[in-house]
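Thank you for making time this morning; I would like to walk you through one structure. Please have the sequence and the 3D view open while I talk.

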Amino acid sequence: MGRKKQKKLTGILLAVALMIGTLAGCGGNGASGDGMFAGGETGGKPNSGNAGGKGRFIESELPLPEGTQTLYAMEKLQDGSVMILGYNREELKYFTAQTSDFNGDWTVQILDWAAESYVAGGAVKNDGTAALLQVSYAGGNVSNEVALIGTDKTVEMLTLAMPENLKEDGCRDIRFDGAGNLLVQTVAGSILRADEATGSCEVYCDLEGGYSGFFGVAGKWIAAVTSPAGIRLFDSADGSPVSEDALLNEMIASDASLTDRNSEYGAGLAFAGGMEENAILYVNYDGVFHHSMGGSVSEQLINGELNSIGDTSANFLQLVMLDEEHIFLALIDGTGTYKILQYTYDKDAPAVPGKELKVYALKDSDYLRHIVSVYQRNHQDVYVNLTIGMSGQDAVTAEDAIRALNTDILAGAGPDVLILDGLPAEDYVEKGILADISPIVEEIAEADGVFENIVFAMKRENGAIYGMPTRFYFHMAGGDADALAAGRTLPGLADYGEQLKADGVAHVFGGETAKRLLNKLYEAGAAGFLAADGTIDESALKDWLSAAKRIYDVDEHTEIEVTGIRDNSVHSTHNMFGILLKESRATIGSLVSANEISTINAVKTQENVDYDVLNGDGQSVFVPYQMVGIVNETALYTEAEAFVRMMLGSEYASVDGNGFPVNRAAYDAICEGAKNQYDEYRSGGIAVSTTEGVSVEADLGNLTEADIGKLTGILESLKTPAPTNAVIRELVIGETEKYLLGQASQEDALASILQKCRLYLSE
Amino acid sequence: MQIVPFGVNSGQVGGKEFWSKMSRKVKVQGTKKKRAYVGMLFVFPGFLGVLVFYLVPFLDVLRRSFMRMTGSFCGLQNYKTVFQNEAFRLAAGNTLRFVFVCLPLLLLLSLMLAALLRSAGAYACASGVSIRRALLIPYAVPAASLVLFWRVLFDGQGFVNGILSRIGLAGCDWMNTKNAFYVLVGSYIWKNIGYVVVLFLAAMAAIPASVYEAAKTDGAGEVVSFFYITLPCLRSAIFTILIISLLNSFKVFREAYLVAGSYPHESIYLLQHVFNNWFLSLSVDKMAAGAVLLAIVVSLFVRVLEHMWEI
């Protein structure tokens with residue numbers, strides 16, 4: 001080749017390279033393996049490796065024996081059947097049940113045994129025997145007993161003889177390992193082996209002083225999940241430690257919520273033995289994985305995004321691999337229902353569902369994930385791509401997330417369903433982005449009934465509804481009669497606090513940080529100074545600023561924000577127990593569940609307190625939560641409608657917590673549950689203590705008709721939605737925080753708020 | 001067309017013979033078409049980038065500026081809305097004010113500094129590289145770091161107020177008062193002056209020392225040399241620097257945004273704030289009209305400058 005040709009070729013190659021380099025950024029955002037997308041977190045299109053191909057595990061529910069209230073354990077037996085151990089609410093007895101056809105036909109055997117104290121856990125061995133752990137703390141003496149259930153279902157009691165240094169420890173979990181050893185874990189985390197003949201216990205897995213939140217059995221290994229986050233593995237045969245598995249450690253380290261487990265309510269992680277000797281199976285919210293020990297990669301067998309596994313409100317109890325095509329998962333879902341989910345490999349099913357319904361939410365929520373997983377199970381042909389704008393795993397701000405969302409909307413690649421909390425909902429309505437969902441709301445209203453006051457508040461003048469909260473909550477004032485009377489207005493509450501301070505009361509409202517206090521006061525009182533069109537009443541704002549400052553100044557504050565807590569739910573923010581602990585005389589915060597009335601009642605048994613709505617400016621304000629809307633131009637309107645219907649429907653909205661459902665039937669179901677939550681067999685209590693060692697205990701009880709009546713009356717009286725405009729909220733709270741902290745005068749804060757809001761409104 | 005070396009008037013330097021040779025050389029190269037194709041191939045990717053990332057999107061913006069959000073044609077309504085928009089008018093006024101305060105100030109200060117450095121000979125000596133690096137440091141400081149520094153300095157309880165209170169003067173919340181504008185101007189000047197000085201020094205370096213020596217022989221002093229040799233020779237350079245500084249002045253939004261967010265004090269509420277906030281509220285119609293207006297104004301400004309510079 002001549003020199004000229006060489007030069008020419010080099011020139012062309014370089015030009016092509018430059019061109020490719022220039023256009024490299026043009027690639028679509030697509031779905032990356034790590035799930036990052038547009039500044040947020042998403043599953044992207046499920047990355048199953050054979051996307052577009054065939055073959056996937058299909059989820060179905062294996063019906064539990066009639067009357068099952070609690071499920072303690074599940075195991076595959078040597079004969080290939082599956083056995084469970086549970087508690088039957090109709091018989092009020094413990095039972096074992098066995099199935100071989102996996103169609104819901106169980107051979108149930110009721111045990112002739114009644115627990116004398118708290119049953120902390122249960123275990124099933126692969127030979128058909130089982131065990132229940134019974135723990136008693138009566139009289140300050142700790143007693144750990146195991147009810148050994150033989151294959152003939154006879155029960156023998158075994159008192160555990162704890163090692164000398166662990167005599168004060170109660171046990172919290174029980175399991176059989178791969179070698180057939182009976183293992184128990186103490187509350188302090190020690191893993192002991194119990195001699196089934198004598199009850200003698202010895203430390204089996206040496207954690208070398210570390211703490212284990214829970215442990216699981218994975219084939220021939222015992223996996224102890226430890227804190228600091230990691231997994232320590234032990235050989236079942238002799239309890240000796242085996243080398244750490246970096247990948248398992250990494251998985252735990254990436255999600256601190258996986259490190260703790262409640263023996264009754266499970267955890268976000270469960271283990272099982274794999275089909276090969278050197279492999280294990282584990283499940284987390286991402287799916288079910290097959291992992292060869294020591295390997296650097298885990299193979300995803302089941303994608304959690306396509307079924308109930310991705311529901312972060314659920315907790316896993318036990319994972320069992322029957323064979324290569326059948327996997328069972330016992331769990332307790334977000335509604336508190338125990339379930340066994342069966343995953344069967346269908347080689348003809350498309351690896352990825354053909355339709356993709358995009359759901360966007362600015363913040364993650366267990367409730368939303370629960371709905372997504374249920375929808376996914378009921379619509380196997382639809383893949384719900386839930387995108388979370390602010391995953392909390394990165395530094396993405398609300399603005400960044402909204403910018404990315406708007407880019408997608410403008411590019412025609414936006415979501416089909418929007419969870420409008422924190423989004424510029426009014427702008428979307430104004431720009432015609434959102435569809436009128438009033439027909440769905442009317443349909444729900446006819447079928448189940450709704451809180452008419454909430455629906456009315458969300459209706460436009462033309463009757464259209466563009467965004468409908470599926471749940472709502474309100475801010476309350478708690479305390480004595482004076483506090484409740486004062487809570488009708490913020491200035492009244494400030495007067496009340498100042499009076500107590502003048503009387504020498506050291507702790508009045510509990511001394512929250514300025515930001516936390518302002519979040520509540522804004523939601524409770526902003527409707528008083530903020531008109532629907534966003535304009536601000538200067539005089540009312542000034543009054544609100546004064547009241548907020550006065551309330552803040554009543555107490556001393558440390559201004560230390562607690563961070564790092566996984567926050568996927570809306571929480572109650574009142575602290576009635578602070579009154580019992582003498583940390584406050586009154587409390588302000590949100591009331592988000594019927595269950596909380598139980599805790600308020602528990603406080604009422606010891607202090608003359610009650611609760612009522614905190615009215616910022618005489619308004620009856622509710623806070624909309626999980627406000628859902630459908631994007632007008634979606635190509636999957638029917639599927640989006642079905643999703644919204646499910647969010648608003650009674651079947652899946654009847655979960656207590658995360659606010660009260662707008663659906664009346666769901667609310668009634670919650671109330672009915674709260675009236676019958678405790679009986680002679682199930683009791684509840686709360687014990688809280690301060691860092692100074694002051695502790696108080698209180699029993700929880702069922703709600704009465706009067707309790708329900710009062711709560712319902714309050715919920716029906718709420719008329720004004722708390723302002724949802726995130727921009728004005730940030731502007732007002734940001735400037736007011738400076739004022740509360742003494743970094744700005746009231747005049748400056750007021751002027752700054754007015755100037756910035758004027759700018760916003762003039763845009 | 002007259003070929004003019006950077007910063008030097010052809011009539012003063014080089015001579016006709018030199019340019020005549022250069023011209024012939026270009027003609028000879030022009031006949032080698034194959035080489036020219038290779039050259040065009042090298043230019044093509046860059047042009048493609050501009051086409052894909054700027055020209056085509058701008059055409060889409062132009063189209064959208066005449067349409068409602070729903071996609072229907074609305075004529076000049078969006079432009080009317082933008083002109084009537086109080087926030088846009090405020091931001092446009094602030095941006096113009098910022099440009100007209102900053103650009104002359106920046107050019108003047110950097111030219112003076114460059115002239116001083118050149119006359120002191122510091123730039124040409126061994127430590128010249130260090131000086132150049134030092135001058136470029138502010139330009140290289142990331143906006144996020146600068147913002148942290150700002151906060152330490154100009155917070156209501158910051159360093160500046162601390163000093164003021166020590167000498168008995170009252171401080172203020174700098175970023176929440178009209179002073180925010182001057183803080184922004186100061187920041188822009190500080191950040192860009194070194195870069196512009198380096199550009200000026202590079203342009204000054206292209207002026208042959210013999211010209212100054214000849215002037216000195218004729219009795220011209222430093223001041224006379226500056227006004228009659230340096231300044232005329234920097235004519236083209238000043239045009240380039242002016243355009244670069246104008247474009248850089250739009251980047252000051254980063255600092256303003258990071259310090260004071262989407263809604264800063266109204267004195268530093270710039271056009272980019274409006275565009276940013278319009279995008280968040282999905283006001284694409286207004287944003288498109290505003291962008292077209294801005295493009296027109298910048299183009300006119302450049303054309304006026306070209307006219308003034310007779311380019």
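This is a predicted model: local features need pLDDT of at least 70, side-chain atom pairs count only at pLDDT 80 or more; totals for chains, interfaces and linings use all residues.

Let me begin in chain B, where the axes of helix α6 (residues 143-154) and helix α7 (residues 159-166) come within 4 Å and cross at roughly 25°. Because angles under 35 degrees count as roughly parallel, α6(B) and α7(B) are described as roughly parallel to each other. On the α6(B) side the residues that meet the partner helix are Val152(B), Leu153(B) and Phe154(B), while α7(B) brings Phe159(B), Val160(B) and Asn161(B). By class, this contact has five nonpolar residues, one polar residue and no charged residues.

A second pair in chain B has another geometry. Here helix α3 (residues 77-84) and helix α14 (residues 284-309) of chain B have axes that come within 8 Å and cross at roughly 80°, and α3(B) and α14(B) are therefore roughly perpendicular to each other. From α3(B), the residues in the contact are Asn78(B), Tyr79(B), Thr81(B), Val82(B) and Phe83(B), and they meet Asp285(B), Lys286(B), Ala289(B), Gly290(B), Val292(B) and Leu293(B) in α14(B). The residues of this contact divide into six nonpolar, three polar and two charged.

Staying with chain B, which residues does Trp190(B) touch, if we do not count those up to four places away in sequence? They are Pro138(B), Val141(B) and Leu146(B). Trp190(B) itself sits in helix α8 (residues 179-205) of chain B, and at 40% relative accessibility it counts as partly exposed. For a sense of scale, Trp190(B) and Leu55(B) are 135 residues apart in sequence and 33 Å apart in space, C-alpha to C-alpha.

Chain B has 14 helices and zero strands, and 41% of its 311 residues count as buried. Its accessible surface comes to about 17500 Å², of which 69% belongs to carbon and sulfur atoms. Chain A, for its part, has 19 helices and 36 strands, with 55% of its 763 residues counted as buried. The accessible surface of chain A comes to about 31700 Å², and 48% of that belongs to carbon and sulfur atoms. If we take contacts between residues at least 6 apart in sequence, then 71% of those in chain B join residues at least 24 apart, and in chain A the corresponding share is 64%.

Next, the nonpolar interior. In soluble globular proteins, nonpolar side chains tend to be buried together. The largest nonpolar core here has 95 residues, and those with the most contacts inside it are Tyr428(A), Met468(A), Phe474(A), Phe643(A) and Leu711(A). Helix α14 (residues 637-648) of chain A gives the most to this core, with seven residues. If you centre the view on Phe643(A) and leave aside its neighbours within four places in sequence, you will find it in contact with Leu357(A), Val359(A), Leu368(A), Ile371(A), Val372(A), Tyr375(A), Val384(A) and Val417(A). Apart from that core lies another, of 64 residues, among them Leu490(A), Leu541(A), Val554(A) and Tyr263(B).

Not counting residues up to four places away in sequence, Ser584(A) touches His507(A), Val508(A), Phe509(A), Gly510(A), Asn575(A), Gly578(A) and Ile579(A).

The other two concern the backbone. Most residues other than glycine have a negative phi. Leu92(A), however, has a phi near 55°, a positive value, and is found in the loop between β5 (82-88) and β6 (93-99) of chain A. Phe102(A) also has a positive phi, of about 55°, although it is not a glycine, and it is found in the loop between β6 and β7 (107-110) of chain A.

Terms used
Residues are numbered from 1 along each chain as its sequence is written. Chains are lettered from A and ligands numbered from 1 in the order in which they are written. Side-chain values use heavy atoms; hydrogens and water are left out. Helices (H or I, at least four residues) and strands (E, at least two) are DSSP runs, numbered from the N terminus. Buried means under 20% relative accessible area, exposed over 50%, partly exposed in between (1.4 Å probe, protein chains only). Contact means heavy atoms within 4.5 Å. Accessible areas come from the Shrake-Rupley method with a 1.4 Å probe; for residues, only the protein chains shown count as cover. A nonpolar core is a set of buried Ala, Val, Leu, Ile, Met, Phe, Trp, Tyr and Cys residues joined through side-chain atoms within 4.5 Å. Axes are lines fitted to C-alpha atoms, for helices over the stretch in contact, and angles run from 0 to 180 degrees between N-to-C directions. Angles under 35 degrees count as roughly parallel, over 145 as roughly antiparallel, 65 to 115 as roughly perpendicular and the rest as oblique. Ala, Val, Leu, Ile, Met, Phe, Trp, Tyr, Cys and Pro count as nonpolar, Asp, Glu, Lys and Arg as charged, and the others, Gly among them, as polar.
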